[in-house]
Amino acid sequence: MSDIQTWYKQVPMFTRLWLSATVGISLLSRFGILPPQYLILQSYPLFKQLQLWRPMTAVFFYPLNPATGFHFMLNCFFLYNYSLRLETEQFKQKPGDYFYMLFFNWFLCVLIGLLIDLPILMDPMVLSVLYVWCKLNKDVIVNFWFGTRFKAMYLPWVLLGMNLILSSGSIFSIVGILVGHAYYFLKFIYPQELGGPSLIETPMFVKRYFPDVSGGVHGFGVPPVGQRVNQQQQQGNGFGLRHAWGRGHVLGRD
């Protein structure tokens, strides 16, 4: 038990809160303490009955049963894996920026979910974070099924293709990719490569609440030279399952 407590305390704040809320709300629903019909995203009770918690619980809640339990555990693993990496690597010294990225992705997931009637948003939210990690670490090599290897930039599309072939859950992958790409494009491509104005800037009140950490600058997308050398020596694993995503594992972190 002490080992679990030690591990839990070492998980960075936003990843810890996101994972804890996901596991907690899903288990409370599984045991009948929270009714599932009050946790999903639906426009009528949200706007007509002012059940304002639904956009948030729709991201945390996942219906647990013998048929979905394994997929839920994989989703939690991917959530932990990619959120932790972004929070401790690319956003290590800018916690406010990471919080704002999560907020932006959540907002778009909710908006699209209302437009196309997606009641559960855990899958697209997790994939949107995976997509951002893959774009910021696009040259990292990941492994997939049967020993296939490719750059991380291709991982979301490989997973989409697997879902198109093996399941009916491709809509979750499509939404996650769209949301992740919207953030990456507006935050990095448009202002840095196309010369446009910065359209996603973390508000100052968020920065005051989650201030930047001093002690160096951590770059986005292209790591420092020393890290580039380390990344060339790294390897990863990936899995493609129904409504589930590959695990892009940075080489050398087994």
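**A close look at helix H6**

Guide: Let us begin with a pair of charged side chains: those of Lys207 and Asp97 meet in a salt bridge, with 3.0 Å from N to O. Lys207 belongs to helix H10 and Asp97 to helix H6, so this pair ties together parts that are 110 residues apart in sequence. Please keep in mind that the model is a predicted one. Both partners fall under the 20% limit for a buried residue: Lys207 counts as buried because its relative accessible area is 17%, and Asp97 does so because its relative accessibility is 8%. As a general point, side chains of opposite charge can pair when their charged atoms come close.

Another bridge joins the side chains of Asp212 and Lys94, with 3.5 Å between N and O. Here, too, distant parts of the chain are linked: Asp212 sits in the loop between helix H10 (204-209) and helix H11 (225-231), Lys94 sits in the loop between H5 and H6, and 118 residues separate them. Asp212 is partly exposed, with 40% relative accessible area, and Lys94 is also partly exposed, at 28% relative accessibility.

Lys151 is in strand S2 (residues 149-151), while Asp139 is in the loop between H7 and strand S1 (141-143), 12 residues apart. With a relative accessibility of 36%, Lys151 counts as partly exposed, and Asp139, with a relative accessible area of 48%, is partly exposed too. Altogether, the count of salt bridges comes to four.

Now for the helix itself. H6 has 22 residues and spans 32 Å from its first C-alpha to its last, close to the 32 Å expected at 1.5 Å a residue.

Among the residues of H6 is Asn105. Is Asn105 buried or exposed? Asn105 counts as buried, because its relative accessibility is 0%. Leaving out neighbours within four places in sequence, Asn105 is in contact with Met125, Ser128, Val129, Val132, Val179 and Tyr183. Met101 touches some of these residues as well: setting aside residues up to four places away, its partners are Leu86, Phe91, Val129, Val132 and Tyr183.

Met101 brings us to the largest nonpolar core, which has 64 residues; Trp18, Leu86 and Met101 touch the most other members. Two or more core residues come from each of helix H2 (13-30), helix H4 (54-60), helix H5 (69-90), helix H6 (95-116), helix H7 (122-136), helix H8 (155-166) and helix H9 (170-193). H7 provides the largest share, 11 residues. In soluble globular proteins, nonpolar side chains tend to be buried together.

Phe103, Phe107, Leu111, Leu115, Ile116, Ile171, Ile174 and Leu178 make up a nonpolar surface patch, and their accessible area together is about 730 Å². At least two of the patch residues come from each of H6 and H9, and H6 gives the most, with five residues. Ile171, a member of the patch, is found in helix H9. Ile171 counts as partly exposed because its relative accessibility is 34%.

Most residues other than glycine have a negative phi. Asp117 has its positive value although it is not a glycine. This residue, Asp117, lies in the loop between H6 and H7, and it counts as exposed because its relative accessibility of 59% is over the 50% limit. Elsewhere in the chain, Leu50 also has a positive phi without being glycine, near 55°. Leu50 is in the loop between helix H3 (43-47) and H4, and with a relative accessibility of 59% it counts as exposed.

Key: Residues are numbered from 1 along each chain as its sequence is written. This is a predicted model: local features need pLDDT of at least 70, side-chain atom pairs count only at pLDDT 80 or more; totals for chains, interfaces and linings use all residues. Side-chain values use heavy atoms; hydrogens and water are left out. A nonpolar core is a set of buried Ala, Val, Leu, Ile, Met, Phe, Trp, Tyr and Cys residues joined through side-chain atoms within 4.5 Å. Buried means under 20% relative accessible area, exposed over 50%, partly exposed in between (1.4 Å probe, protein chains only). Helices (H or I, at least four residues) and strands (E, at least two) are DSSP runs, numbered from the N terminus. Contact means heavy atoms within 4.5 Å. Patches are made of residues with over 30% relative accessible area and no salt bridge: like charges are joined within 9 Å, nonpolar side chains (Val, Leu, Ile, Met, Phe, Trp, Tyr) within 5 Å. Accessible areas come from the Shrake-Rupley method with a 1.4 Å probe; for residues, only the protein chains shown count as cover. The expected span of a helix is 1.5 Å times one less than its number of residues.
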